[in-house]
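Good morning, and thank you for coming. Please look first at the sequence and the three-dimensional view, and then we shall go through a few features together.

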Amino acid sequence: MVFDFFRGGGQSTIEEVEETLVVMMHNARHVYDEAMGAVFGGGKSKETKKDLKKTDKEINVAQQEVRRALVMHASVSPAVDLADTLAYMSVVKDVERVGDYSKNLYDLAKYGADFTTAADFDDLDSYRERVGQLMTDAANVFASRDAEAAQYLIDKADGFLDDYDANVKAAFQSVGPAPDAVARALYFRFLKRITAHVMNLMTALVVPVHRLDYYDEAKEDRVES
Amino acid sequence: MDPIEPVVRQRAAALPGPIRGVLVIGLLYLFLIGVKLLEGGIKGLGSDFTDALFQGVSNPVAGLFVGVLATVLVQSSSVTTATIVGLVGTGVVSVEHAVPMIMGANIGTTVTNTIVSLAHMRHSDEFRRAFTAATMHDFFNLMAVAVLLPLEVFTKVLSDTARSITEAIAGDIGGGRFNSPIKGAVKWGANLVEGLFDWISNEKVTAVIFLILGIALIFLTLTFITKNMRVLVAARIERSLNAALARSGLVGIVVGMLVTVAVQSSSITTSILIPLVASGILAVRNAYPITLGANIGTTVTALIAALGIGEIDGLTIAVTHTIFNTAGILLIYPWSKIRYIPVDLADKLAGLALKRKSLALGYTLTMFVAIPLIGILVLR
């Protein structure tokens, strides 16, 4: 209330936003785990659907909260933390998209996808594991604002992207049943998008504002200036 | 894998809070020396000159226009009111004649957020909200002046109440002076500065130098006080504005008051609100009480200036300023039927300005430059 004015110390808006972004990432990881649980044997359930909807809503509300806080910050202190303000205004969308694509994975189970009987179950599961780990690592790196670790994660994730494309291509050229091919194509497409958005979040720690978002472009098209 | 050179963004190195706090106290001291030098300069010019200079403001409407125009020119009602306190302290301008000027300063200070709102002109919805938020302050101040200026001219109710309060609190130690705790320190500093010009034998020249130096110090110190305080209390401002976002009424008034006292500028407070209203984060009606609170908060500068010079009349005009702004709110805000008249009028004006955007610019120039200028020329 009014007495907040006299309350000293506390976090700055930028610190609060950073904390919210980390919480959003953890929530996105929760959505991811729930959705993957459905795809890898759990199947669709009312409880899972309800939980995903609730967590997704929390992510969306947090996104609006972050934007509102950043506009307030920019209005009160226009010249302070300008780069962070602009960067976070951009990457909050990426974090929200991570949650969204994770939720989309649940749709695969909803439409009948089930990888438990797949011959390459272990392969598919390893992708699930590594993207999940990437999300958690990204949240931790962002929380610690470790630029070196962020760069390491960007490089690591960058190596995954071609892999996803190869899998999407393989699904398209597959002679197996169409539902399985579609499920695989979408699975790898969603994993690629999640990875790319996680990379965008990491770029907020290491690149200038104008270069945010350029990590999911083809290498030869990237702006390196 | 392409090697990517990390470019880590560095956060701006900020001046530590305690150092900034000491800097602000130093600037406040220089501000008071500025007011004292202004007072010395005015006295040094002699009564013939000053009588001729301020003869025109004996007409209350002319005084009002002088207050508007002076504030528009310096873009700060704090500078205008501190200067007026200095003038009243010397006895060159009477409390009676200064009251309309103070009221004019209130109107003039709203030009800043009106100009800020014009920046949103390219986006219709944003502009409508921003222009409404800016001009509701104009309409509120005009309404308050329309009621309280005639009342003051005919009954002196505001200045008499202020004098009673001043004498009750400060007392009169004789010669229209009161015991100010900081007056001695300010006088010492002012004497030190005045001593630098002892080598000038012509008293009028010295007076002009003191006058210019005084006004420059008031202007510069207030500018830097505002800038530093804005940084110093930015987090507090954000916290309290966040608290006021969804609330109306008293909370907003107190928040507006606190923020303005902290940054020593109502223009800063109201200008911060414009982008918030324009972006839809803050509703116009929730910004309204914050704006009114800023009206009260801005009167602190004149009170500080009055403490520095230690003259009963100076303190009386500063208290009159506070009473005027408080009375304006009490007169309009508590009554639901008239509370939002300024907001509704501002919204209507914004609607018209949206259809013809040149109207917004025309309104700003007419209201803040043409009318006061023509008024002064005609009424002097």
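With which residue does B:Glu39 form a salt bridge? The partner of B:Glu39 is B:Lys36, and the closest N and O atoms are 3.2 Å apart. A salt bridge here is a side-chain nitrogen of Lys or Arg within 4 Å of a carboxyl oxygen of Asp or Glu. Side chains of opposite charge can pair when their charged atoms come close.

Before I continue, a word on the basis of these values. This is a predicted model, in which local features need pLDDT of at least 70 and side-chain atom pairs count only at pLDDT 80 or more, while totals for chains, interfaces and linings use all residues. Residues are numbered from 1 along each chain as its sequence is written, chains are lettered from A and ligands numbered from 1 in the order in which they are written, and side-chain values use heavy atoms, with hydrogens and water left out.

Let us return to the pair in chain B. B:Glu39 and B:Lys36 are separated by about one helical turn, because they are 3 residues apart in helix 1 (residues 17-45) of chain B. Helices (H or I, at least four residues) and strands (E, at least two) are DSSP runs, numbered from the N terminus. B:Glu39 counts as buried at 2% relative accessibility, and B:Lys36 is buried at 11%. Buried means under 20% relative accessible area, exposed over 50%, and partly exposed in between (1.4 Å probe, protein chains only).

Over all chains, a search of the whole structure finds 19 salt bridges. One of them, in chain A, joins the side chains of A:Asp180 and A:Arg184 at 3.0 Å, N to O. These two residues lie 4 apart in helix 6 (residues 178-206) of chain A, so about one helical turn separates them. A:Asp180 is partly exposed at 31%, whereas A:Arg184 is buried at 16%. Together with A:Asp120, they are linked in a network of salt bridges.

Next, chain A as a whole. Chain A has 6 helices and 0 strands. Of its 225 residues, 49% count as buried. One of these helices, helix 1, holds A:Ala28. What does A:Ala28 touch, leaving aside residues up to four places away in sequence? The list is A:Ile59, A:Val98, A:Gly99, A:Ser102 and A:Met135, where contact means heavy atoms within 4.5 Å. A:Ala28 has a relative accessible area of 0%, and therefore counts as buried.

My final topic is the surface. Chain A has an accessible surface of about 10400 Å², of which 53% belongs to carbon and sulfur atoms; such areas come from the Shrake-Rupley method with a 1.4 Å probe, and for residues only the protein chains shown count as cover. Thank you for your attention.
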